[in-house]
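Work through the exercises below with the model open. Try each task before you read its solution.

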Amino acid sequence: MAVTGPETARHLVQYVVVRSDLLHQMAWPLGAVITQACHAATAAIHLNYHDSDTQEYLAQLDTMHKVVLQVPDQTTLSTLSETLTEKNIAHKLWIEQPENLPTCLALKPYPKETVHSFLRKFKLFK
């Protein structure tokens, strides 16, 4: 695969989707919630390391683009994961251990237009 320069690189995005109830209802510390997102993003990259989009994304080290979205609860997160699986969208549902608690998910890097339709209803995490 040829590595493209910044002027010819496609716009790849890694989406991370986090349960907002962890912070707002369950009173998890902010650092713990951020850690969950980091785990999921790293795992998604690892699991898809040899994918051409992932390699192109990693080659753009200084211009990586991530978008962190929120879902209100575990049910919404699980439903999103099921939909992504049905549509063959590569992602990692992060399940915190030993609690066995789904906390977030991260997609492998994709062109925005490939996955935006699955994620457009969710707001930026805050």
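**Exercise 1: the cysteines**

Cysteine 38 is partly exposed, with a relative accessible area of 44%. The model is a predicted one.

Task: Find how many disulfides the structure holds, and explain the result for cysteine 38.

Solution. 
- Step 1. Take the sulfur of cysteine 38 and look for the closest cysteine sulfur. That atom belongs to cysteine 104, and the gap is 9.0 Å.
- Step 2. Apply the cut-off: a disulfide needs the two sulfur atoms within 2.5 Å. At 9.0 Å the pair is too far apart for a bond.
- Step 3. Check from the other end. Cysteine 104 is in no disulfide, with the nearest cysteine sulfur, that of cysteine 38, 9.0 Å away.
- Step 4. Give the count: zero disulfides.
- Step 5. Cysteine 104 is buried, at a relative accessible area of 0%, whereas cysteine 38 is partly exposed.

**Exercise 2: the nonpolar cores**

Task: State how many residues the largest nonpolar core has, and which of them have the most contacts inside it.

Solution. 
- Step 1. Count the members: 16 residues.
- Step 2. Tyr15, Val17, Leu107 and Leu119 have the most.
- Step 3. Assign the elements. Strand 1 (12-19), strand 2 (66-71), helix 4 (74-86), strand 4 (101-107) and helix 5 (112-119) each give two or more residues.
- Step 4. Inspect leucine 107. Beyond four places in sequence, its contacts include Tyr15, Leu84, Val115 and Leu119.
- Step 5. Look for another core. A second, separate one has 12 residues, among them Val16, Leu22, Ala37 and Cys104.

**Exercise 3: helix 4**

Task: Then decide which residues of helix 4 are buried, and where the exposed ones lie.

Solution. 
- Step 1. List the buried residues: Leu77, Leu80, Ser81 and Leu84. They lie on the same side of helix 4, because they cover an arc of only 100 degrees around the axis.
- Step 2. Find their partners. The buried residues pack against strand 1, strand 2, strand 3 (91-96), strand 4 and helix 5.
- Step 3. Turn to the face directed away from the buried side. Exposed Thr75 and Glu86 sit there.
- Step 4. Finish with the ends. At the start, a side-chain oxygen of aspartate 73 comes within 3.4 Å of the backbone nitrogen of threonine 75. After the helix comes asparagine 88, with a positive phi near 60 degrees.

Methods: Residues are numbered from 1 along each chain as its sequence is written. This is a predicted model: local features need pLDDT of at least 70, side-chain atom pairs count only at pLDDT 80 or more; totals for chains, interfaces and linings use all residues. Side-chain values use heavy atoms; hydrogens and water are left out. A nonpolar core is a set of buried Ala, Val, Leu, Ile, Met, Phe, Trp, Tyr and Cys residues joined through side-chain atoms within 4.5 Å. Buried means under 20% relative accessible area, exposed over 50%, partly exposed in between (1.4 Å probe, protein chains only). Helices (H or I, at least four residues) and strands (E, at least two) are DSSP runs, numbered from the N terminus. Contact means heavy atoms within 4.5 Å. The arc is that of the directions from the helix axis to the C-beta atoms. A polar contact is a pair of N or O atoms within 3.5 Å; within protein, one must be able to donate a hydrogen and the other to accept it, and residues adjacent in sequence count only if both atoms are side-chain atoms.
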